[in-house]
Amino acid sequence: MDWLATEIGKLSLLGIYGLIAGAAGSLLSGYIFPKWLQKQKSELEVEAEQLRFKLKRQELMFDRELLAAEEFFRLHDSILGTPRFPDPDWSDAQVIIADKFGSLVDQITKFLDKHGVAMSESTSKSLTSARHIANQGSFDVAQETSEGEYEPGQYPSKIVQKAVDEFWERIEEARKQMREDLSNGSLTSPSKS
């Protein structure tokens, strides 16, 4: 009979453990688990809202970047303009650019003021350098000519030719960088978070 009492005691103890486990399970499933689940859901909602905001910001920024690129490519094309005669060579292009140095300073300044925030740093540096070269070049052209323009058949001095070459190199750097930035999806290379 001791044996039966021991077994009944074990079953009672097992029942008590089961009751405790059931109560703990009930507590977990009825209170703790829903609270944890709610906390996780709340954290995910905050993260989703931050991602939506970041995506919207990137969409707006890309629109500005695209507008900047479009205006830059129009500016780029206007620098040489339509050829004045068939088959112009680089020396003819140098005259055209040298004649425009003064207005190019203004055009680049306006462009940078309007779109500087929507460009990569390297593009901005190239354009700022081009503006500086054009500014200095406009003084050099004014020294060589009486009205700031070359007479037909007159070509710039070596100093102005070098300025035109450096100017065009910076403009081409900016063009290349802008195309690269567009193909990579962003001109400003947003920070990763």
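Is W168 buried or exposed? W168 is buried, at a relative accessible area of 16% (buried means under 20%, exposed over 50%, and partly exposed in between, with a 1.4 Å probe and protein chains only). The legends below describe a predicted model, in which local features need pLDDT of at least 70, side-chain atom pairs count only at pLDDT 80 or more, and totals for chains, interfaces and linings use all residues. Residues are numbered from 1 along each chain as its sequence is written, and side-chain values use heavy atoms, with hydrogens and water left out.

**View 1. Overall fold of the protein.** The protein has four helices and zero strands (DSSP runs numbered from the N terminus: helices are H or I with at least four residues, strands are E with at least two). Of its 193 residues, 27% count as buried. Among contacts (heavy atoms within 4.5 Å) between residues at least 6 apart in sequence, 73% join residues at least 24 apart.

**View 2. The aromatic pair W90 and W168.** Four aromatic pairs are present in the structure (rings of Phe, Tyr and Trp, the last by its six-membered ring, pair if their centres lie within 6.5 Å; planes under 30 degrees apart count as stacked, over 60 as edge-to-face and the rest as tilted). The ring centres of W90 and W168 are 6.2 Å apart and the planes stand at 50°, so this pair is tilted. W90 lies in helix 2 (residues 90-115) and W168 in helix 4 (residues 158-184), 78 residues apart, and the pair thus links distant parts of the chain. W90 counts as partly exposed because its relative accessibility is 34%.

**View 3. The aromatic pair F101 and F167.** With ring centres 5.7 Å apart and planes at 80°, F101 and F167 form an edge-to-face pair.

View 4. F72, F73 and F111 make up one aromatic cluster. The charged end of R179 sits over the ring of F73, 4.5 Å from its centre (NZ of Lys or CZ of Arg within 6 Å of the ring centre and within 35 degrees of the ring normal).

**View 5. Packing of helix 2 and helix 3.** Helix 2 packs with helix 3 (residues 121-144) at an angle of about 145°, their axes 8 Å apart (axes are lines fitted to C-alpha atoms over the stretch in contact, and angles run from 0 to 180 degrees between N-to-C directions). Residues making the contact include F101, G102 and F111 of helix 2 and R131, N135 and G137 of helix 3.
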